[in-house]
Amino acid sequence: MTPTVPTPRSEVGGAAAAYDADVIVVGAGPGGSAAAYHLAVHGAKVLLLEKTHFPREKVCGDGLTPRSVQQLIRMGIDTRAEGWVPNRGLRVIGGGLRLELDWPELASYPDYGLCRTRMDFDDILARQAVAAGATLRTGINVQAPLLDGDGRVVGVTADGDGAEPLTFRAPLVIAADGVSGRLALALGLDKRDDRPIGVAVRQYIRSAARTHDDYLESWLELRSGEAGEGVLLPGYGWLFGLGDGRVNVGLGVLNSSTAFGKTNYRHLLRDWLAGTPQEWGLADPANADGKVLGAALPMGFNRTPHYTRGMLLVGDSGGMVNPFNGEGIAYAMESGEVAAEMALTALARPAGPARERALRAYPAELKARFGGYYRLGGTFVKLIGNPEIMRICTQHGLPHPTLMRFVLKLLANLTDVRGGDAMDRIINGLTRLAPAA
């Protein structure tokens, strides 16, 4: 049951202020830390709550497109420093072909991607938020939103390292608590069945032959057997060199596939890796660096609305993974920045209708940015769930580099809105015409 407290008697900064912060951010992943950073750098008092302790592992491909890199730059992070492994584009493999595509040269985004494991990636972002002025508390497992007498969120309840439950109060809460969406569920915001979702598994494997690579590698076809010439497997795969002697190898299956929910994904990964070249060492269990881990990929705004009763949803909690390519970090960080902007605007107004108008602009802004694009992505997911359509696209698309450069821009959502080329204008036009998700 969601706890209820009396309506706070004073506004932030009052003589008897009832609040611990201007904004509470739940979850110190990329979205939460981005939100906390952009709030704090503009002077807001921010409390960032994280249930685990850093450093900690998260299931991810660890590959960052230029869209993600742009968000890191906006947080003031030096992406040229040691530990960031740059890449120049995407290598696509399928239908017996391989094509290397450089990231597009755009005004809006850098022309390079990055790799870095989530083991320290999230830690770096959280520390950047703290450097901007946010207060980070780890080991705080938030349980539920705290409601006032009118049913508005005015904080959270949590379990800490001690025996006593904890209560934190703020006029606004940003839920960046990931795919579980505990806070959203407590307010009755269930997942939408009409939006795509995927499942991904990945493993770190030691491979001197593949750890250094100028390209992220995407496999549009997965096959079992020697030399990868056996049975066609469901899903798509990736292989990202981490530059430290390891690679991140994984695969994903979308719910448009008949194999979704009916397949042992760990066995599927093993079957695919068994068909990779022996000199890569990916099929040798002795080279494994940790277990195979999996996670859900909530796509295309599969939980809405993104604002209700004093709480804003950011990243995976709002189902913001890109349906085209499974990328979540860029959209978590971008939505975190947008949520911060809207929260700052709202807090500059008195509590009541004026503040609510500012907060309701948050889901409207997300829909304007991503709604049409995500709707196109939902159609794309349905199409590629058919193996025959995927085979035709692979065989007839890969031999045409110009077409594939267009596809790269579309799948990675990398265009210039102003002053772009013909490809940009086509993609931007399609997203404007598509009904917003």
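Student: Which residue in strand 19 stands opposite Ala200?

Tutor: Ala200 stands opposite Ala295 in strand 19. This is a predicted model, in which local features need pLDDT of at least 70 and side-chain atom pairs count only at pLDDT 80 or more, while totals for chains, interfaces and linings use all residues. Residues are numbered from 1 along each chain as its sequence is written, and side-chain values use heavy atoms, with hydrogens and water left out.

Student: What makes strand 13 and strand 19 a pair?

Tutor: Two strands pair if DSSP finds at least two bridges between them. Strand 13 (residues 197-206) and strand 19 have six bridges in the antiparallel sense, so they meet the requirement of at least two. Another position in this pairing sets Val199 opposite Ala296.

Student: Why is strand 13 called largely enclosed?

Tutor: A residue is buried when its relative accessible area is under 20%, exposed when it is over 50%, and partly exposed in between (1.4 Å probe, protein chains only). Eight of the ten residues of strand 13 are buried, so the rest of the structure largely encloses this strand.

Student: Why are strand 6 and strand 19 said to stand at the edges?

Tutor: The open sheet has seven strands in the order 6-5-14-17-18-13-19, with mixed pairing. Strand 6 (97-102) and strand 19 (293-298) each have a single partner strand, so one side of each lacks a neighbour in the sheet. From one strand to the next, the twist averages 20°.

Student: What makes strand 12 a strand covered on both faces?

Tutor: Helices (H or I, at least four residues) and strands (E, at least two) are DSSP runs, numbered from the N terminus. Strand 12 covers residues 172-175. In a regular strand the side chains alternate between the two faces of the sheet. Leu172 and Ile174 on one side are buried, as are Val173 and Ala175 on the other.

Student: Which strands pair with strand 12 in the parallel sense?

Tutor: Strand 1 (residues 23-26) is joined to strand 12 by four bridges, with Val173 as the bridge partner of Ile24. Strand 21 (residues 311-313) runs parallel to strand 12 over three bridges, and there Ile174 stands opposite Leu312.

Student: What makes a group of residues a nonpolar core?

Tutor: The members are buried Ala, Val, Leu, Ile, Met, Phe, Trp, Tyr and Cys residues joined through side-chain atoms within 4.5 Å. The largest such core has 59 residues, of which Leu39, Leu72, Ile174 and Tyr362 touch the most other members. Helix 6 (residues 329-347) supplies the largest share, ten residues. A second, separate core of 25 residues includes Tyr204, Tyr236, Leu254 and Leu414.

Methods:
Axes are lines fitted to C-alpha atoms, for helices over the stretch in contact, and angles run from 0 to 180 degrees between N-to-C directions.
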